Amino acid sequence: GGFSGVGLSLWKNCQSGSIFGSASTFFIRSAIPSFDCSLQMDSLDTLITQIQGLSGTSDDLGHLHGLLKQSEEVLGRQASRLHLALQHLDPAKHSLGFLHILEAHAAGNMMREQGESFLVTATNFISVCAADQIRLAPDKFNALCRRLKEQAIQLHTPIRVILPLNVAIHKFQPSSEYLTPLHAEFFLVCLLAKCYNAGLNILEEDIFEIDQKKTGLVPRDFLLYCYYGGMLYTGLKQFSKALELFQHVPPFPKYTPSVSQRNLKSCTQDYIDLANAFNSRNILELKQCVASHEDAFRTDSNLGLVKQVISSLYKRNIQRLTQTFLTLSLHDIARTVQLDSPKQAELHILQMIQDGEIFATINQKDGMVSFQEDPEQYKTQAMAQRLDSAIHHIMSLEKKLTSMDEQVSCDHAYLSKIGRDRSRYELEDFDLVPSRMYPNL
């Protein structure tokens with residue numbers, strides 16, 4: 001066949017410049033008249049042979065990467081044979097070539113049966129592929145994983161690709177500090193599958209590095225990371241962390257036409273009214289707002305989240321009471337925060353105590369609630385370990401920030417910019433070269 005060892009040996013001879021002098025090589029050359037020692041990438045068989053022969057050393061992989069870039073037209077012409085070509089490659093040993101061919105195979109439209117087969121093949125490839133090889137082609141690996149996500153969504157089974165995309169992120173990252181385009185894809189399938197906890201381990205990793213060359217990241221990927229990440233935290237009811245990520249998504253730039261801003265406001269008027277009603281701290285007003293816009297919230301599939309806004313206002317009003325009163329009856333709490341009964345007030349308070357949002361005790365005999373200060377004495381072994389971990393984390397962040405500051409201070413582009421602006425600033429305002437790097441200066 002075209003992918004045989006004979007082809008590999010013949011190709012190696014061509015690469016080394018050997019002459020077809022023996023009778024055996026002359027016979028082979030005569031038997032395969034279409035073989036071209038100039039390697040013009042006109043044959044899928046030749047490409048497979050090259051992948052098999054150049055998947056060893058880093059130098060070979062670099063050369064193979066260049067050849068694969070030149071072979072895209074060949075892969076496009078041979079689309080019907082690509083699934084057969086994959087059978088002659090080991091996804092663990094020939095990861096770079098396997099990636100290029102599988103991505104080209106997935107680029108076209110697929111029927112349901114083909115989509116199922118692709119999911120299995122791509123999932124297996126991600127689990128066994130060599131990280132050093134796939135990092136040579138970040139654009140191809142990103143495209144493959146994006147196609148995997150799209151196919152799973154099309155088959156209404158996003159949960160199937162949660163684990164593969166998790167594995168893909170860790171293999172693709174040079175370190176856990178790098179943000180990749182796969183983060184947003186992974187968060188999206190977690191959201192669609194409603195498996196919010198599945199994305200938490202990736203979401204809580206500290207991100208310090210953004211490298212377009214290594215990961216293929218573009219600004220849109222960062223914005224989607226913040227948006228989907230915020231939605232995951234919202235699903236987990238960690239609203240403060242969700243807000244922190246949402247605030248990284250910038251508003252319209254100053255040069256945005258005013259007509260666009262006006263139209264955006266009109267399209268989101270239902271949510272603006274909801275925010276204004278919440279800020280009023282009046283439960284009845286908020287409920288009336290929700291009732292009047294219920295159809296819009298339901299159409300946007302946000303009605304469940306809007307109902308949490310009502311619950312949140314109850315909690316906020318109860319928290320305000322803790323700042324004023326030391327003791328208060330359940331009846332008075334229900335009346336003040338506009339709950340229907342003292343029993344509902346008791347349920348809300350018990351939930352808030354369990355969540356650590358307030359510190360209080362309830363006397364079941366007389367129905368009195370006693371609000372208390374934080375009982376934590378910060379002297380247990382568990383608390384000492386938490387504090388020690390937090391201190392080490394802060395020290396690590398300080399070292400990272402200092403290192404980044406020194407890199408920027410020595411960056412040629414930065415120094416050039418400072419030089420151009422020197423007339424506007426005093427030179428002593430800038431420590432162009434940190435003294436700690438050159439103490440003898």
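Predicted model: local features only at pLDDT ≥ 70, side-chain atom pairs only at ≥ 80, totals over all residues.
In which sense, right-handed or left-handed, does helix 4 cross helix 7? Helix 4 passes helix 7 in a right-handed crossing.

**Helix 4 and helix 7**

The axes of helix 4 (residues 58-70) and helix 7 come within 10 Å, with a crossing angle of roughly 15 degrees. Helix 4 is therefore roughly parallel to helix 7, as angles under 35 degrees count as such. On the side of helix 4, the contact involves L61, L64, H65 and L68, which meet L96, G97 and H100 of helix 7. Of the residues in this contact, four are nonpolar, three are polar and none is charged.

**Aromatic pairs**

Aromatic rings pair seven times in the structure. A pair of aromatic rings is described by the distance of the centres and the angle of the planes. Two of the pairs are set out below.

| Pair | Centre to centre | Angle between planes | Arrangement |
|---|---|---|---|
| F98 and F125 | 5.2 Å | 15 degrees | stacked |
| Y227 and Y228 | 5.6 Å | 45 degrees | tilted |

The pair of F98 and F125 links distant parts of the chain: F98 belongs to helix 7 (residues 95-106) and F125 to helix 8 (residues 112-128), 27 residues apart. Both F98 and F125 are buried.

In the other tabulated pair, Y227 counts as partly exposed because its relative accessibility is 40%. Y228 has a relative accessibility of 16% and therefore counts as buried, the cut-off for buried being under 20%.

Elsewhere, F186, F187 and Y225 form one aromatic cluster.

Definitions and conventions. Residues numbered from 1 in each chain as written. Heavy atoms only, no water. Phe/Tyr/Trp six-rings, centres within 6.5 Å; stacked < 30°, edge-to-face > 60°. Helix = DSSP H or I, 4+ residues; strand = E, 2+ residues; numbered from the N terminus. Buried < 20%, exposed > 50% of the residue type's maximum accessible area, 1.4 Å probe, protein only. Axes fitted to C-alpha atoms, helices over the stretch in contact; angles between N-to-C directions. Parallel < 35°, antiparallel > 145°, perpendicular 65-115°, else oblique. Left-handed = near helix turned anticlockwise from the far one by under 90°. Contact = heavy atoms within 4.5 Å. Nonpolar A, V, L, I, M, F, W, Y, C, P; charged D, E, K, R; others polar.
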